[in-house]
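Hi there,

Here is the structure I promised to pass on.

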Amino acid sequence: MKEVFRREGVPPKAYHSVLNKTFSTEWYQWLPETLFSEIEREFDVEVSEIVRDKILAIQTFVNTDVFYHDAAAFEHIVMAVNDADVVPDEVSLASPEEIVYAVTTLGPVDDKQFEREVTRYIQICFENAGLLVYPSNVRFAQPEYLDERLKKAVQQVRPVVTDAAPHDLVGRQSNKLYKCIRSVVDRIAAYKPEEMTDNVQST
């Protein structure tokens, strides 16, 4: 399974499964230098920086609860899971697709654990992308809109493709919601575990 340590686009559960099968849960507590030394020794592979960040993000997720209460840590984990560069001292705002992908592939998550700091960060990211209605697995962060017209409109939004006119709020939001969900579904479907095994067998 060395291919999982060479490629981007591998979901967190694939790493979690491979590492648990190889090292049991001992790797949860290992320091980075020990963890990657053991991976490289066991699989005879050099782990890229992007994959290192992702594995450390998974380790943080399973070991701590910072994903639920620290916005900066939440963003770093989300970005790492999405194969994006993690810049510790910067806030870059994840896209809705990146947030939904991380919550979906790291999960199951406990909706009730998310604290205000993280839900507000999610809301800012969705506002920045112009998406008013959230996919179901991040609905815990969905704000309540006070404007009656807006409140009525968002209740009609569905994840479907529509031929929306510029003034059609429901149609435009339906298209955005569909695009967000479709992007995540396609990314998850693109991962083929059998390709990892086949590539290993052919080397």
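Below is what turned up when I went through the structure. Please keep in mind that this is a predicted model.

Let me start with the core. The largest nonpolar core has 61 residues, and Phe5, Ile39, Ile55, Phe67 and Ile99 touch the most other members. Helix α5 (residues 71-81) provides the largest share of this core, seven residues. Isoleucine 99 has contacts that include Phe74, Val78, Tyr121 and Val138, leaving aside residues up to four places away in sequence.

Next, helix α3 (residues 49-63). Among the buried residues of α3 are Ile50, Val51, Ile55 and Phe61. The buried residues of this helix pack against α1, α2, α4, α5 and α6.

Phenylalanine 5 is in the segment before α1 and tyrosine 15 is in helix α1, so the pair ties together parts ten residues apart in sequence. Phenylalanine 5 is buried, at 0% relative accessibility. For phenylalanine 114 and phenylalanine 140, the centres are 4.2 Å apart and the planes at 10°, so that pair is stacked. Phenylalanine 114 counts as buried at 9% relative accessibility, while phenylalanine 140 counts as partly exposed at 21%.

Finally, the charged end of arginine 187 sits over the ring of tyrosine 101, 3.7 Å from its centre.

Best wishes

Technical notes. Residues are numbered from 1 along each chain as its sequence is written. This is a predicted model: local features need pLDDT of at least 70, side-chain atom pairs count only at pLDDT 80 or more; totals for chains, interfaces and linings use all residues. Side-chain values use heavy atoms; hydrogens and water are left out. A nonpolar core is a set of buried Ala, Val, Leu, Ile, Met, Phe, Trp, Tyr and Cys residues joined through side-chain atoms within 4.5 Å. Buried means under 20% relative accessible area, exposed over 50%, partly exposed in between (1.4 Å probe, protein chains only). Helices (H or I, at least four residues) and strands (E, at least two) are DSSP runs, numbered from the N terminus. Contact means heavy atoms within 4.5 Å. Rings of Phe, Tyr and Trp (its six-membered ring) pair if their centres lie within 6.5 Å; planes under 30 degrees apart count as stacked, over 60 as edge-to-face and the rest as tilted. A charge sits over a ring if NZ of Lys or CZ of Arg is within 6 Å of the ring centre and within 35 degrees of the ring normal.
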